[in-house]
Amino acid sequence: MAAEPPGGLVRSRFTCGSSEVDVITDAPTVVALTELSSPFFQCAPSNPGDSVVPLVWAIERPPVGHGWEQLSFSSATEPDRVVWANHTRRQVAIVAAPSAWRTQQLLRSVRNLIRWQAYARGELFLHGGMVVVDGVGIAFLGQKRAGKTSNILSALVNASADFVSNDDLVVVSATDGVIGQGCPRAITVRIDSLMAVTKHDQRLRALLDTVSHPINHHRKQESLTVSSNARSR
């Protein structure tokens with residue numbers, strides 16, 4: 001039976017190609033999630049009777065009913081991620097008060113469910129990024145610290161490139177050729193790489209203090225220290 005949203009919550013459907021995930025949460029969180037995931041995902045009101053798709057809750061109290069399992073994942077750079085999973089119902093719940101972190105965790109759950117559907121269809125996943133210059137996609141593939149992000153930043157600044165993806169890239173065979181697809185994911189830039197790029201474009205220096213991803217709160221002191229040292233040299 002499809003879950004109906006309790007009072008005060010709304011049900012929305014996020015789609016990317018033929019992948020679909022429903023979300024039940026409060027209206028302001030839907031707005032924030034739509035802004036974070038656009039233009040990669042499209043959002044529309046959901047009619048649960050149309051089809052049965054994976055469902056993610058973002059709520060303040062643990063879900064009720066049988067089959068729920070609490071899972072916790074630790075991180076050295078951000079708050080622990082705690083989710084509830086119900087494998088039989090194909091549902092996930094992010095349980096916390098509304099916040100930027102809860103919206104980020106909601107985005108990650110929706111993104112993973114959409115990407116797993118794409119993976120099941122046989123779409124090719126690559127460790128790399130892509131930009132578009134004059135209508136042509138240019139992919140940057142390589143291991144960690146190979147220079148992918150630095151080259152993407154340089155292309156955006158110096159070649160007026162359009163951004164597609166930074167760290168993970170999906171390649172799909174279409175009727176008009178091979179298409180590279182990105183997904184809503186923050187660009188993680190090492191401080192040393194960012195400082196190197198700012199030598200040529202001072203506008204990027206503002207990223208040290210103005211980027212909005214909540215993880216930057218945990219790296220604020222590192223940013224200020226590196227920035228201060230760079231200016232004193």
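Predicted model: local features only at pLDDT ≥ 70, side-chain atom pairs only at ≥ 80, totals over all residues.
R145 is exposed, at a relative accessible area of 59%.

A second residue belongs with it. S160, in the loop between α3 and β11, has a positive phi of about 50° although it is not a glycine. With a relative accessibility of 63%, S160 counts as exposed.

S38 and P39 are joined by a cis peptide bond, with omega about 5°. P39 is placed in the loop between α1 and β3.

What is the order of its three strands? The open sheet runs β10-β9-β11, and its pairing is antiparallel. β10, residues 136-141, and β11, residues 162-165, stand at the edges; each has a single partner strand, so one side of each is left without a neighbour in the sheet. From one strand to the next, the twist averages 25°. Strand β9, residues 128-133, is joined to β10 by six bridges, and G129 stands opposite F140 in β10. Helix α3, residues 148-158, packs on this sheet and touches β9, β10 and β11. The direction of α3 makes about 15° with that of β9.

Next, helix α1, which spans residues 27-37. Which of its residues are buried? They are T29, V30, L33 and S37. Seen down the axis of α1, these buried residues fall within an arc of 100°, so they line one face of the helix. The buried residues of α1 are covered by elements including β1 (10-16), β2 (19-25), β3 (42-45) and α2 (100-120).

I close with the cysteines. How many disulfides does the structure hold? The count is zero. C16 is in no disulfide: the nearest cysteine sulfur, that of C183, is 8.4 Å away, whereas a disulfide would require the two sulfur atoms to be within 2.5 Å. C16 is buried, with a relative accessible area of 18%, while C43, at 31% relative accessibility, counts as partly exposed.

Key:
Residues numbered from 1 in each chain as written. Heavy atoms only, no water. Buried < 20%, exposed > 50% of the residue type's maximum accessible area, 1.4 Å probe, protein only. Helix = DSSP H or I, 4+ residues; strand = E, 2+ residues; numbered from the N terminus. Arc of directions from axis to C-beta. Contact = heavy atoms within 4.5 Å. Pairing = 2+ DSSP bridges. Axes fitted to C-alpha atoms, helices over the stretch in contact; angles between N-to-C directions.
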